[in-house]
Amino acid sequence: MASKLAGRVVLITGASSGIGEALAREVARRGGRVVLAARRAERLEALATEIRRSGGEALATPCDVTRDGDVERAVAQASEAFGGLDIAIANAGFGVAGRVEDLALDDFRRQLETNVFGALRTVKAALPELKRSRGGVALVGSVMGYLAVPAVGAYTMSKFAVRALAETLRAELHADGVAVTHVAPGYVASEIRQIDNAGNRHEGAQDPVPRWLVMPAQTAARQIMDGIVARRAEVIVTAHGKLGVSLSRHAPWLLRATVSRLPRKRRVSER
């Protein structure tokens, strides 16, 4: 796997923490040249410095996927610095929680702007370079893109849409030689469960998910990159995630019965 990624240029959005940060380290470990894109410039530069000191190649480019033009600038900087782009990973995202009747329309707009339109902006910005390199695009969704559960309707809407986008792109880009990988993590160590509905992080907030259920981010990153390098259509991460997706496909009646008994309170997002 390492030799297949050596020298290839990989753009990662949401690279300042969680899965995105772990993916950046994994790409560098395998010899890839990584382009780090996220809003927190200081954290990006610190990660880029860490990678360079370890002998890797990294470019930090501040980027907000909710703003038109930001991802295009990141792609242009990647092309200028490294001569092109081979893989784009649309990873940036956060989770809005709450019952549909309790959320404002602006909560849904904010959720979709980051998770759906952010992924779409990444795809559209990267496609010209990816077509030239016959590379790959990965959309990081969630197990919640298969499971609709109480009190995370906005989040599940966004992740169902990400999965639909991945399946559409896979058909549209097949003739261009561009691979499309849909990534569906379950509970992975990240800051997502410290982020409120407005997108603000509450550092030190207790993770409501039991530690034994949370996969280390670096473990998840290895599995994700294995799938992307192999140009797989789908990568489901965590055992509980695989179980949930399997139930949604093969025993939806059992899944519906289980979900209908879940508490009607604020729930935590996957990933």
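Mentor: Let us begin with the elements around the cavity. α5 (105–133), β5 (136–140) and α6 (153–173) each supply at least two residues of the lining of the largest cavity; helices (H or I, at least four residues) and strands (E, at least two) are DSSP runs, numbered from the N terminus. This is a predicted model, in which local features need pLDDT of at least 70, side-chain atom pairs count only at pLDDT 80 or more, and totals for chains, interfaces and linings use all residues. Residues are numbered from 1 along each chain as its sequence is written, and side-chain values use heavy atoms, with hydrogens and water left out.

Trainee: What makes a space a cavity?

Mentor: On a 1 Å grid over the protein atoms alone, a cavity is a set of points where a 1.4 Å probe fits but cannot get out, and lining residues have an atom within 4 Å of a point. By this rule there is 1 cavity of 30 Å³ or more. The largest cavity holds about 60 Å³, a volume being the space filled by probe spheres set on the points, which are joined across faces, edges and corners.

Trainee: Which element gives the most to the lining of the largest cavity?

Mentor: α5 does, with 4 residues. The lining includes Asn115, Gly118, Leu139 and Lys159. By class it has 6 nonpolar, 5 polar and 1 charged residues, where Ala, Val, Leu, Ile, Met, Phe, Trp, Tyr, Cys and Pro count as nonpolar, Asp, Glu, Lys and Arg as charged, and the others, Gly among them, as polar.

Trainee: Why are α5 and α6 called roughly parallel?

Mentor: They pack at an angle of about 20°, with their axes 8 Å apart. Axes are lines fitted to C-alpha atoms, for helices over the stretch in contact, and angles run from 0 to 180 degrees between N-to-C directions. Angles under 35 degrees count as roughly parallel, over 145 as roughly antiparallel, 65 to 115 as roughly perpendicular and the rest as oblique. α5 and α6 are therefore roughly parallel to each other.

Trainee: Which residues of α5 and α6 meet?

Mentor: Among them are Phe108, Leu112 and Val116 in α5, and Tyr155, Val162 and Leu165 in α6; contact means heavy atoms within 4.5 Å. The residues of this contact divide into 14 nonpolar, 3 polar and 2 charged.

Trainee: What makes α2 oblique to α7?

Mentor: α2 and helix α7 (residues 217–229) pack at an angle of about 60°, with their axes 8 Å apart. That angle makes α2 oblique to α7. The meeting residues include Ile19, Ala22 and Leu23 in α2, and Ala221 and Met225 in α7. By class, this contact has 8 nonpolar, 2 polar and 4 charged residues.

Trainee: How do α2 and α3 lie to each other, parallel or antiparallel?

Mentor: The axes of helix α2 (residues 18–29) and helix α3 (residues 41–53) come within 11 Å and cross at roughly 20°. α2 and α3 are therefore roughly parallel to each other. The contact is made by Glu21, Ala24, Arg25 and Ala28 of α2 and Arg43, Leu47, Glu50 and Ile51 of α3. It has 4 nonpolar, no polar and 4 charged residues.

Trainee: Where does arginine 134 lie?

Mentor: Arginine 134 lies in the loop between α5 and β5. Its phi is near 50°, a positive value in a residue other than glycine.

Key:
1 Å grid on protein atoms, 1.4 Å probe; cavity = no way out; pocket = protein on both sides within 12 Å on 5 of 7 lines; lining within 4 Å.
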